[in-house]
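Subject: Structure handover

Hello,

Please find the structure below, with the sequence alongside. My notes on what was found in it follow.

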Amino acid sequence: MKSGGAKQLRHRNKKLYGALIDDVSTLANHTIDEESWQVLLPLFLKKWSEDVPKKVKNKAVKEALETTVGYFRENWAEKDHCRRWYAGSNPLGPTTNNALETNNRILKSLGAEELFQVVSVPFSRLIHNLSI
């Protein structure tokens with residue numbers, strides 16, 4: 001299946017696309033281990049493969065949704081080498097592709113004064129430790 005379904009879904013129904021992305025994010029962030037993956041993934045797939053499509057009236061939107069969910073299932077849920085993307089698959093590691101992205105997000109969210117405090121506290125401790 002093609003991944004272009006997501007683009008079509010976003011173009012045709014932004015609200016539905018946003019709800020799907022929110023659920024993917026929830027699945028990724030709240031799957032804490034293999035056992036929860038085995039429980040949550042079927043619930044996610046049932047919702048987006050069976051329950052939601054029944055409510056969609058527009059044929060093009062329904063096709064885009066089915067293509068998107070099919071692509072997700074085949075490429076991110078079933079393939080062993082790709083399905084370890086949820087938070088619990090690496091409990092001590094970062095939950096992003098780039099470990100720095102989490103730190104970048106935190107630093108970008110801080111104001112200048114807060115950022116100065118984050119940077120200056122460890123430096124002041126270093127100076128204090130050197131002077132002892």
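A contact here means heavy atoms within 4.5 Å. Helices (H or I, at least four residues) and strands (E, at least two) are DSSP runs, numbered from the N terminus. Two remarks on the source come next. This is a predicted model, in which local features need pLDDT of at least 70 and side-chain atom pairs count only at pLDDT 80 or more, while totals for chains, interfaces and linings use all residues. Residues are numbered from 1 along each chain as its sequence is written, and side-chain values use heavy atoms, with hydrogens and water left out.

Overall

The chain has 6 helices and 0 strands, and from the N terminus on its elements run α-α-α-α-α-α. Of its 132 residues, 23% count as buried; buried means under 20% relative accessible area, exposed over 50%, and partly exposed in between (1.4 Å probe, protein chains only). The accessible surface of the chain comes to about 9,700 Å², and 57% of that belongs to carbon and sulfur atoms. These areas come from the Shrake-Rupley method with a 1.4 Å probe; for residues, only the protein chains shown count as cover. Among contacts in the chain with a separation of 6 or more, 64% are between residues 24 or more positions apart.

Helix α3

Helix α3 covers residues 34-55, 22 residues in total, and reaches 31 Å from its first C-alpha to its last, close to the 32 Å expected at 1.5 Å a residue. The expected span is 1.5 Å times one less than the number of residues. There is a kink of about 35 degrees in α3, centred on Lys 47; the bend at a residue is the angle between axes fitted to the seven residues ending there and the seven starting there.

Buried in α3 are Ser 36, Trp 37, Leu 41, Phe 44, Leu 45, Trp 48, Val 52 and Pro 53. The buried residues of α3 pack against α2 (14-30) and α4 (59-78). Trp 37 has a relative accessible area of 2%, and its C-alpha is 9.8 Å from that of Arg 84, 47 residues apart in sequence. Leaving out residues up to four places away in sequence, Leu 41 touches Leu 27, Ser 36, Phe 72 and Ala 77.

Helix α2

The 17 residues of α2 should span 24 Å at 1.5 Å a residue, and the end C-alpha atoms are 24 Å apart, which agrees. Leu 16, Tyr 17, Leu 20, Asp 23, Leu 27 and Ala 28 are the buried residues of α2. They lie on the same side of α2, because they cover an arc of only 135 degrees around the axis; the arc is that of the directions from the helix axis to the C-beta atoms. On the other side of α2, Lys 14, Lys 15 and His 30 are exposed. The buried residues of α2 pack against α1 (4-12), α3 and α4.

Core

A nonpolar core is a set of buried Ala, Val, Leu, Ile, Met, Phe, Trp, Tyr and Cys residues joined through side-chain atoms within 4.5 Å. The largest one has 19 residues, and those with the most contacts inside it are Leu 9, Leu 16, Leu 41, Phe 44, Trp 48 and Leu 65. Helices α2, α3 and α4 each supply at least two residues of this core.

Regards
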